[in-house]
Amino acid sequence: MNAAPFAAGPRLRLRDLAKLWPYLRPERRTILVAAALIPLIALLQMALPLILRGAVDRGIVGRDASTLGFFSTLFIATVIGEYLARSVQRYSSTLAVQRMSRRLRSAVVEHVLRLPAAYHDRTLSGVLVTRATGDFDNL
C-alpha cells in the first residue's frame, strides 16, 4: 500500500476532501441539519447526570415520591430525545454521503463512457471495474 498521498500531512487531506465538495454541495441543508444536532445531542448527554442528581438528592434523599417521579419522567424523556436526535443526525449524514457517492459514481461512469475507444481496447474492463469499486469502497 502506498502512503505517498498522505506524506504531505493534513493539508493534503483537506485539499483532497475539498475536491468532493461539488458532489456534496447539493446536500448542504442535510449536512447543516446533521451538524446542528451535534450541540443538542451534547446538551442532552450532559443533562442526564444532572437529572439523576436531582432525582437522588430531591426525590430519594428528600423522600418525595412526586419529585422522584418527575425526575424519572424527565430522564426517560431526555434519553428518548437524545435517541431521536442521534437517529436524525445519523440518518441525515448517511443520506448526504450516499447521495454524494451516487453523484460521484455517475460522474465516473460518464467519464469512462466518454473515453476514446482506443483506451477501452488497451485496458481490461475488469481493471476499470476493480479500480472504481476499490476507490469508492475506500472513500
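Which side chain meets that of Arg 103 in a salt bridge? The partner is Glu 27, and the pair is joined at 2.7 Å, taken from N to O. This is a predicted model, and a search of the whole structure finds three salt bridges.

- Taken together, Glu 27, Arg 99 and Arg 103 are linked in a network of salt bridges.
- Glu 27 is buried, at a relative accessible area of 4%, while Arg 99 is partly exposed at 31% and Arg 103 is partly exposed at 25%.

- The side chains of Arg 86 and Glu 82 meet in a salt bridge at 3.2 Å, N to O.
- Because Arg 86 and Glu 82 are four residues apart in helix α4, about one helical turn separates them.
- Arg 86 counts as partly exposed, with 31% relative accessibility, whereas Glu 82 is buried, with a relative accessible area of 12%.

**Helices α3 and α4**

- Two packed helices are described by the angle between their axes together with the distance between those axes.
- For helix α3 (residues 28–60) and α4, the axes come within 8 Å and cross at roughly 165°, which makes α3 roughly antiparallel to α4, given that angles over 145 degrees count as roughly antiparallel.
- The crossing of α3 and α4 is left-handed.
- Ala 96, a residue of helix α4, counts as buried because its relative accessibility is 3%, which falls under the 20% cut-off.
- Ala 96 and Ala 34 are 62 residues apart in sequence, while their C-alpha atoms are 9.4 Å apart in space.

**The loop between α3 and α4**

- Arg 63 is found in the loop between α3 and α4, and it is exposed, with a relative accessible area of 77%.
- Most residues other than glycine have a negative phi.
- Arg 63, although not a glycine, has a positive phi of about 55°.

- Ile 76, Ile 80, Tyr 83 and Leu 84 make a nonpolar surface patch of about 440 Å².
- Tyr 83, one of the residues of this patch, has its place in helix α4, which covers residues 65–114.
- Tyr 83 counts as exposed because its relative accessible area is 56%, above the cut-off of 50%.

Note on methods
Residues numbered from 1 in each chain as written. Predicted model: local features only at pLDDT ≥ 70, side-chain atom pairs only at ≥ 80, totals over all residues. Heavy atoms only, no water. Patch = residues over 30% accessible without salt bridge, like charges linked within 9 Å, V, L, I, M, F, W, Y side chains within 5 Å. Areas by Shrake-Rupley, 256 points an atom, 1.4 Å probe, with all protein chains shown as cover. Salt bridge = Lys/Arg side-chain N within 4 Å of Asp/Glu carboxyl O. Helix = DSSP H or I, 4+ residues; strand = E, 2+ residues; numbered from the N terminus. Buried < 20%, exposed > 50% of the residue type's maximum accessible area, 1.4 Å probe, protein only. Axes fitted to C-alpha atoms, helices over the stretch in contact; angles between N-to-C directions. Parallel < 35°, antiparallel > 145°, perpendicular 65-115°, else oblique. Left-handed = near helix turned anticlockwise from the far one by under 90°.
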